[in-house]
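Subject: Structure handover

Hello,

Here is the structure I promised to pass on. Please open it first, then read the notes below it.

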Amino acid sequence: MAGTRKLGKPTDQRLAMLRCQATDLILNGKIVTTEARAKEVKSIVDSIVALAVKEHKNFEEVEVKVVKAKLDTNGRKVTEKTTSKNGKEYLKVVKEEKMEKRQKDMPSRLNARRKIMKTINKVEGVDLIDKLFNELAPKYETRVGGYTKILKMEPRKGDNSKQAILMLV
């Protein structure tokens with residue numbers, strides 16, 4: 001017998017479904033699904049969160065020189081007229097340099113980031129990797145495993161399948 005449940009789907013569809021459910025669980029904190037799917041997603045999310053907890057402090061602060069366009073009070077770019085070598089005038093955006101502190105991932109944290117990115121989907125407008133490392137990992141830092149729990153519900157009306165709520169603890 002294979003190591004994972006087949007869930008009545010071909011491999012590509014099953015993996016896509018599990019990725020979507022894992023993404024939704026990390027994004028929302030709780031999902032309602034069938035028991036078999038919940039058990040599969042639980043193992044995926046637990047391993048992702050464990051990886052994030054292990055690597056969330058593995059970075060160093062680095063000073064980086066950042067060159068940005070200078071903005072006026074309305075948020076528009078400031079421009080100035082300049083002339084080229086052949087005498088034509090054009091508008092040039094004024095740049096300003098700043099030194100900023102940024103986090104530089106160490107190699108093992110970068111590898112963890114890439115593994116997590118393979119396991120979950122991208123969500124527009126939300127950085128789930130950042131949420132994992134900066135919100136969930138510090139929250140579960142003292143915990144040793146068991147980052148999710150399954151609560152069983154009554155069967156679904158249409159097909160009488162066992163339902164469950166999968167949530168982050």
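This is a predicted model: local features need pLDDT of at least 70, side-chain atom pairs count only at pLDDT 80 or more; totals for chains, interfaces and linings use all residues.

Tyr140 is buried, because its relative accessible area is 2%, under the 20% cut-off.

How many aromatic pairs does a search of the whole structure find? The count is 1. Tyr140 and Tyr147 form that pair. Their ring centres are 5.4 Å apart. The planes make an angle of 55 degrees, and the pair is tilted.

The charged end of Arg109 sits over the ring of Phe133. The distance to the ring centre is 4.5 Å.

Now the overall layout. The chain has 4 helices and 7 strands. From the N terminus, the order is α-β-α-β-β-β-β-α-α-β-β. The radius of gyration is 24 Å, well over the 15 Å that the globule rule gives for 169 residues, so the chain is more spread out than a compact globule. Along the principal axes, the C-alpha atoms fill a box of roughly 80 × 40 × 30 Å. Buried residues make up 30% of the 169 residues. Take the contacts between residues at least 6 apart in sequence: 63% of these join residues at least 24 apart.

Next, the core. In soluble globular proteins, nonpolar side chains tend to be buried together. The largest nonpolar core here has 27 residues. Which of them touch the most other members? They are Ile26, Val45, Ile116, Ile120 and Leu132. Five elements are listed as giving two or more residues to this core: α1 (11-28), α2 (35-55), α3 (107-119), α4 (128-139) and β7 (163-168). The largest share, 7 residues, comes from α2.

That makes helix α2 worth a look. Its 21 residues should span 30 Å at 1.5 Å a residue. The end C-alpha atoms are 30 Å apart, which agrees. The buried residues of α2 include Ala38, Val41, Val45, Ile48, Val49, Ala52 and Val53. What covers the buried residues of α2? The cover includes α1, β1 (30-34), α3, α4, β6 (148-152) and β7. Val45 gives a close-up: leaving aside neighbours within four places in sequence, Val45 is in contact with Ala22, Leu25, Ile26, Thr148 and Leu168.

Thr23 lies in helix α1. Is Thr23 buried or exposed? Thr23 counts as buried, because its relative accessibility is 3% and the limit for buried is under 20%. Not counting residues up to four places away in sequence, Thr23 touches Ile120, Asn121, Val123 and Leu128. One of these, Ile120, is also among the core residues that touch the most other members.

Lys81 is the other one. Lys81 is found in strand β3 (residues 79-83). Lys81 is exposed, because its relative accessible area of 64% is over the 50% cut-off. Apart from neighbours within four places in sequence, Lys81 is in contact with Glu89, Tyr90 and Leu91. Leu128 is 47 residues from Lys81 along the chain. The C-alpha atoms of Lys81 and Leu128 are separated by 43 Å.

Best wishes

Methods
Residues are numbered from 1 along each chain as its sequence is written. Side-chain values use heavy atoms; hydrogens and water are left out. Buried means under 20% relative accessible area, exposed over 50%, partly exposed in between (1.4 Å probe, protein chains only). Contact means heavy atoms within 4.5 Å. Rings of Phe, Tyr and Trp (its six-membered ring) pair if their centres lie within 6.5 Å; planes under 30 degrees apart count as stacked, over 60 as edge-to-face and the rest as tilted. A charge sits over a ring if NZ of Lys or CZ of Arg is within 6 Å of the ring centre and within 35 degrees of the ring normal. A nonpolar core is a set of buried Ala, Val, Leu, Ile, Met, Phe, Trp, Tyr and Cys residues joined through side-chain atoms within 4.5 Å. The expected span of a helix is 1.5 Å times one less than its number of residues. The radius of gyration is taken over C-alpha atoms; the globule rule is 2.2 Å times the number of residues to the power 0.38.
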